[in-house]
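This report describes how the chains of one model meet and how selected parts of the fold are arranged. The sequence and structure are shown first.

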Number of protein chains: 2
Amino acid sequence: MPTANFTDIVLSRMGADIDPRLREVMTSIISHVHAIVREVEPTQEEWFQAIMFLTRTGQLSDDVRQEFILLSDTMGVSMLVDAINNRKGQGGTESTVLGPFYAAGSPELPLGANIAREPGGQPCFLSGHVRAPDGSPIAGARLDVWHSNSHGFYNVQQLDTQPSGNLRGVFHTDADGRWWFRSIMPSSYPVPEDGTVGNLLRAMGRHAWRPAHVHFIISAPGFQSLTTHLFVNGDTYLDSDAVFGVKDSLIVDFVRHMDAREIAERGLSEPFYTAEYEFVLEPATVAASREAVAV
Amino acid sequence: MPTANFTDIVLSRMGADIDPRLREVMTSIISHVHAIVREVEPTQEEWFQAIMFLTRTGQLSDDVRQEFILLSDTMGVSMLVDAINNRKGQGGTESTVLGPFYAAGSPELPLGANIAREPGGQPCFLSGHVRAPDGSPIAGARLDVWHSNSHGFYNVQQLDTQPSGNLRGVFHTDADGRWWFRSIMPSSYPVPEDGTVGNLLRAMGRHAWRPAHVHFIISAPGFQSLTTHLFVNGDTYLDSDAVFGVKDSLIVDFVRHMDAREIAERGLSEPFYTAEYEFVLEPATVAASREAVAV
């Protein structure tokens, strides 16, 4: 009969000469999965439900959908992995999840360009600096930017209906480390709810919504790459992001401007928003210690 | 930043009115998966490898193959679930895994029938009793039997080449609780090695073999159903069954008979084997206490 010793028997089957990292990882996984079974004491039917949940989660995944990443995101696992790999020791801007809608190859654009290539949405001007921890500007830093449209969909989700490159762009800071571009306000949106993860979230009494945000990957020679979001202050879902990606330091005021003269000066005929953020990159030469921040 | 408290934040998102069992199960799963991440500290690349391992494991599964059950079996999870659901308080025969090759609808056969429907294999005669814990025979107990052929394959794996119903049968004990039938010797075989689980076993320095065995599901009115194997004593893989299914009490001597007169009496022209086993079913009215045996 499997007793407490049974887990040791399973672990002891690993060969003597295997990769030590695999041994470490599989020892942790097997031990904790056995602990779940001992705690939960699943019936045979519950065990089979779990088998079928995992099976369908794999089968739902394809080139444009990754249901296991969504499961990892919604159970807080992705943010934990992010935190472990992005401990900040020197005041660098905090990171958050990459998310499933990043695509390489966004258009390289001049500073000030408008990344909104379809009608609709409220105009928004974003700007700021990229700096080193000592405050010195980083010239030529690369910002890869993407966000959802006013209906909550990313370009890669609607390749048939959104214009090519809509709401995506790559910018480089000027000699003073400054960046600026035009877009529209991002909107909150639910993560895909029609699969196994959506069913699980409903059963757990949770919603699937993410607060409105703009994605950034910022990189510069000699500095650690930063993957993060800027979140829109005041959004309904800031306290209940379905993927736990919000950090207070990443919440930004998107200021609404309704003055007629200001609107005219921007060449617009409707109110617009502005948002500013000072990004800080940590030096690549001093990788953040794994012990620097308890996770 | 996710600290120790981060797991509590994720757990606290569950609604107040959800199914209490789901809350219990998800609390255990989320807590332990977070613990794995904190222990292992996966890189982003390792995390993505895990995502893709799970995805491909789901995608390999279909009507005739279940790679997640194979993963559960080879990591000892299935045997742990079996042990939890089959604690024996009164001396009943021990259970083991069902395995992936069971199929309902095997032919009902008279006692003594031969379930081997193709040439090849060494003749084998199996017999015994089905009894209650007090030793009294159970008449009319149903035995659903199946095993691999001499090449290590089950009927359901080779529907195109093995005869219908080969090496499967349903028998009922006689008035004295006795059962007997003829077959061939089962053989050891590897679990499917060409998928994600096979890759993992190789990386862990483990083989994929199961020792030779005959499957039984035994049931009778008023008694708990028993799912188990009889293993062939002396098999190379008894101490290293890839799915951890072996229990000492289920290892049986398959006795080889080479005496010419015995062979002639059986109407054979070659040596044969015999094996006997006394199955004991526990009463259904006294379900084994969950506390009876520490798991």
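## Strand pairing and the sheet

In this predicted model, His213(A) has Phe231(A), a residue of S8(A), as its bridge partner. The pairing around this bridge joins strand S7 (residues 213-219) of chain A to strand S8 (residues 226-232) of chain A; the two run in the antiparallel sense and share six bridges. Strands of a sheet pair through backbone hydrogen bonds, in either a parallel or an antiparallel sense.

S7(A) and S8(A) belong to an open sheet of five strands in chain A, with the order S3-S2-S7-S8-S9 and mixed pairing. The edges are held by strand S3 (168-172) and strand S9 (251-252) of chain A; each has a single partner strand, so one side of each lacks a neighbour in the sheet.

## Symmetry of the two chains

Two copies of a chain are related by a rotation about an axis together with a shift along it.

## Extent and polar contacts of the interface

The size of an interface is often expressed as the accessible area lost when the parts come together. Chain A and chain B bury about 6600 Å² between them, and 65% of this area is on carbon and sulfur atoms. Each side is counted in residues too: 75 residues from chain A and 75 residues from chain B take part in the contact.

Between chain A and chain B there are 31 residue pairs in polar contact, both residues being at pLDDT 80 or more. On the chain A side, at least two residues each come from helix H1 (4-12), helix H2 (20-40), helix H3 (44-59), helix H4 (67-74), helix H5 (77-85) and helix H6 (196-203). H2(A) gives the most to this side, with 17 residues. By residue class, the side of chain A that touches chain B divides into 41 nonpolar, 19 polar and 15 charged residues.

## Salt bridges

Side chains of opposite charge can pair when their charged atoms come close. Over all chains the structure holds 22 salt bridges, and the count between chain A and chain B is four. One of the salt bridges joins the side chains of Arg21(A) and Glu46(B), at 2.7 Å from N to O. This pair crosses between chains, from helix H2 of chain A to helix H3 (residues 44-59) of chain B.

## Positive phi in loops of chain B

Glu41(B) is not a glycine, yet its phi is positive, about 45°. Glu41(B) is located in the loop between helix H2 (20-40) and H3 of chain B.

Leu167(B), also a residue other than glycine, has a positive phi near 60°. The loop that holds Leu167(B) runs between strand S2 (142-147) and strand S3 (168-172) of chain B.

Key. Residues are numbered from 1 along each chain as its sequence is written. Chains are lettered from A and ligands numbered from 1 in the order in which they are written. This is a predicted model: local features need pLDDT of at least 70, side-chain atom pairs count only at pLDDT 80 or more; totals for chains, interfaces and linings use all residues. Side-chain values use heavy atoms; hydrogens and water are left out. Contact means heavy atoms within 4.5 Å. Buried area is the accessible area (1.4 Å probe) that two parts lose on being put together, summed over both. A polar contact is a pair of N or O atoms within 3.5 Å; within protein, one must be able to donate a hydrogen and the other to accept it, and residues adjacent in sequence count only if both atoms are side-chain atoms. Helices (H or I, at least four residues) and strands (E, at least two) are DSSP runs, numbered from the N terminus. Ala, Val, Leu, Ile, Met, Phe, Trp, Tyr, Cys and Pro count as nonpolar, Asp, Glu, Lys and Arg as charged, and the others, Gly among them, as polar. Two strands pair if DSSP finds at least two bridges between them.
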